[in-house]
Amino acid sequence: MAADFFLLRWKSEGLRCPDHEIKLLESGDNPRGVTLIQMPNGTGKTTTLSLLRATLSGDAVEWTNTHLQSFRKRQSSATSGRFLVEGVFDGKRLTIILELDFEEGKASYSTTVGSGKKTGFLPPRGLHRFLNRDFVRLFVFDGEEAARLLDHKYTNAHDAIDNLFQLKFFDGIEQHIRDYWAEQTSQATALAGKGLTQRRNRVDQLQLQLKTCEAAYALAQAERDRAQDQLNKKTRKFDQQLKKRRNYHEALQLAETALADAKTVVQQQAQKLLTRIRDPFALSAKTAADLLALRANLDRVKLPESTSREFFDELAGEEECVCGRPLTQECKTHILSHASRYLGTEDVVFLNTMKSDIATMMGTDPAAHANELQGATRQLLEHMRDEDLAWTNRDSVRSKAVDDDPALKKIVAEIAELQASADKSAAEVEKYENTDESEENICGIAVLKKRLSEAERKVAEITHTLDLKEKRDVLVAIVQAAQKAARTAISEQTVNEANERIQTLMPMNRVRISAINKCLVLEDQEGGSMGETLSVAYAFLATFFNSADNRFPFVVDSPAGAIDLEIRARIAELVPRLTSQFIAFTISSERQGFCDHFLAKRSGTQYFTLFRKGDTTLERKARATKGSAETEDGLLVPGAKFFREFQLESE
Amino acid sequence: MDFRIRKDARAWFKGLDSVIGTSAKGFEYYYFCLCAGLMSGNKLSVAASECDALIDHYPTEYKAKGRILVACMISKELETLGIDVAERSRVHETIRTLVDPHALSNLSDYGMEQMNGYAAGGFEVLSEGISEPPRVLPTFLIEYTQLLAELEAEAI
């Protein structure tokens, strides 16, 4: 069943952005096709976008207290904030309210569908599968985060495809098949008695354990990636701050160059040593001596022989011997029985080549190669010591800078905290990747799957449903293959159509999507420029939202961002066509090329300008504009004229 | 028949996956184990279900060393079986059971079983001698060569 969803309005109160209400209606319950909301930097664009995402995805209940407090209005005594989103889904009004309690540090939701208000995040059936964090991120989109579509840590395009094209239906079929087998085995209880109960309990327990561990594994992976990402950001911030301290900058640069050089030398020497280690005779003088002795002794006992087994086999087939005497049957049998004492031609060739290898690769001194390897090992140790020294030197420059600067000290403490958190979450992930098969391992996903399969086999055995289990396994494999094939076909089609759009957007550019592999993968490159990435993102989303019979709003922050003027106009053409409702948060610098396009061409576009109070001239001008709305900390002004003329010096 | 590596050995070396640049990482780890097994004479029989099949031939980096590895095993087997190299017929028989010149590995099925046995036994020696699973290649190589030097000293 297709989903038809659009937004009517949102309202923010007591939160970090100015209190405001944006109405998106044209007339009756029809939404405006395009709404441009101009918000200068510092007005809370990112906050509003985050709140929209949180209200539509229900994920604020998972926020940490620190994150939640970051939405509190500055210099305000308000103990709570509220963000309301109203929309229409399949002809019915839907209101979701997100309440943030800053005293308790808790987020809560209420949902109204039609006239019934309920506590909790309870979107109607049919919309529920779309209102999750990953999917909402696609239709409430931050242009500055376009690169995340190319990063598997932030994007799960497979999941989005499953939701949009209802491929989760296959999961339902699979569950049905599994339930049927469970039901069949449960009917055999009376016959099999206690043994069956025990075996079935084992299956139930393993299924539960596996499900719990898989969910915990996904969370642990996300947490690890998040922690690592934060750590990387903080480390970059530290490096940037440190570079601003001129007195340390030069010393630090020298120390870092020396460290990078030392690391390279260690890696090169390690590769040299590894190459040496690949010679078994270099690993020990004794091994080398044993090989030389083997060769010498084989020579001594004349192995391989100069005559091969085939010679005697052929001789036994002749009527007379090479010496001219006739060969009787008795002679032939004797020759054949003794032929097996000789090696075959190819054995002879192999042994001769092996002996030749020993001679040519090793030479005559058994200790020579081992000595070389020991030399390479000593050299590597020396280079590793040099690297340690380079680390110490670099750390010492950093420490001195940190000791002299409390701000840097604070960042270092935060980095240490984040490092501990990253280590902890990495250890958590490893727990679920443990393949140790001992009974103590109760979290390893692969091991649990294996145990579950074995436990199911035992249940099937006792209930005489082995045949049925095999059929179940075949059916499940077919369903899984069908889901995979459908996903692959949809992904390929999306890639092809998106590439056609990219060609239209950037005819002179060769950047193309090569695959959807959880995230978008670009051809022959890991990432593009900001403009390329954004164009790729829009081309993908345009294709994505147009390929299924669904309708969603498309809300974008910084739609034109860092795109060249020439491409901006094409983007302005394309983006509103992604969906029937396009809402963009812009800043005045995006007017050129992007907003101008709408101001000049598009009728029916709705304009708002939202800014914080503070500039009295601007406030006067806003109040004089018809339809403007004033709240405690902000002014919202409708209309193209104010939108066009609005310019803050801060931008 | 394939070279087979113990699953726990494959997991133990996981930390080196991103730094070993060769295409056949599994065989690289197999080789580390094999040399430790041959040097210590430690041979273990491990169930097929506990092992991962690798390849049936020597990867590029080891192609030229294949016959030398077979020679190392022949030498170790003769030593273990107490066969004097002067005993021509027994030497001959041992070589015939271990070698198959038609196989890409130059090993008969029996020979491959023995080779895999040394690799399995070698992992015991490695994991006991190097307490932590390796994460950094240079550190591992140093520890590995030191461990082999100790094994050599014990063998002499």
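Strand β10 (residues 140–142) of chain A joins β13(A) through 3 bridges, and the two run parallel. Strands here are DSSP E runs of at least two residues, helices are H or I runs of at least four, and both are numbered from the N terminus. Strands pair if DSSP finds at least two bridges between them. This is a predicted model: local features need pLDDT of at least 70, side-chain atom pairs count only at pLDDT 80 or more, and totals for chains, interfaces and linings use all residues. Residues are numbered from 1 along each chain as its sequence is written, with chains lettered from A and ligands numbered from 1 in the order in which they are written.

**Strand β13(A)**
- V140(A) has V555(A) in β13(A) as its bridge partner.
- Another 5 bridges link β13(A) to strand β14 (residues 581–586) of chain A, again in parallel.
- F554(A) stands opposite F582(A) in β14(A).
- Strand β13 (residues 553–557) of chain A is largely enclosed by the rest of the structure, because 5 of its 5 residues are buried (20 or more other C-beta atoms within 10 Å of the residue's own, C-beta atoms being placed from the backbone).
- P553(A), V555(A) and D557(A) cover one side, and F554(A) and V556(A) the other; all are buried.
- In a regular strand, side chains alternate between the two faces of the sheet.

- Helix α9 (residues 285–300) of chain A packs against helix α3 (residues 66–80) of chain B at about 85°, with axes 10 Å apart.
- α9(A) is therefore roughly perpendicular to α3(B) (angles of 65 to 115 degrees).
- T287(A), D290(A), L291(A) and L294(A) meet A71(B), C72(B), I74(B) and S75(B).

Conventions. A residue is buried if 20 or more other C-beta atoms lie within 10 Å of its own, exposed if 12 or fewer, and partly exposed in between; C-beta atoms are placed from the backbone. Axes are lines fitted to C-alpha atoms, for helices over the stretch in contact, and angles run from 0 to 180 degrees between N-to-C directions. Angles under 35 degrees count as roughly parallel, over 145 as roughly antiparallel, 65 to 115 as roughly perpendicular and the rest as oblique. Two residues are in contact if their C-beta atoms, placed from the backbone, lie within 7 Å.
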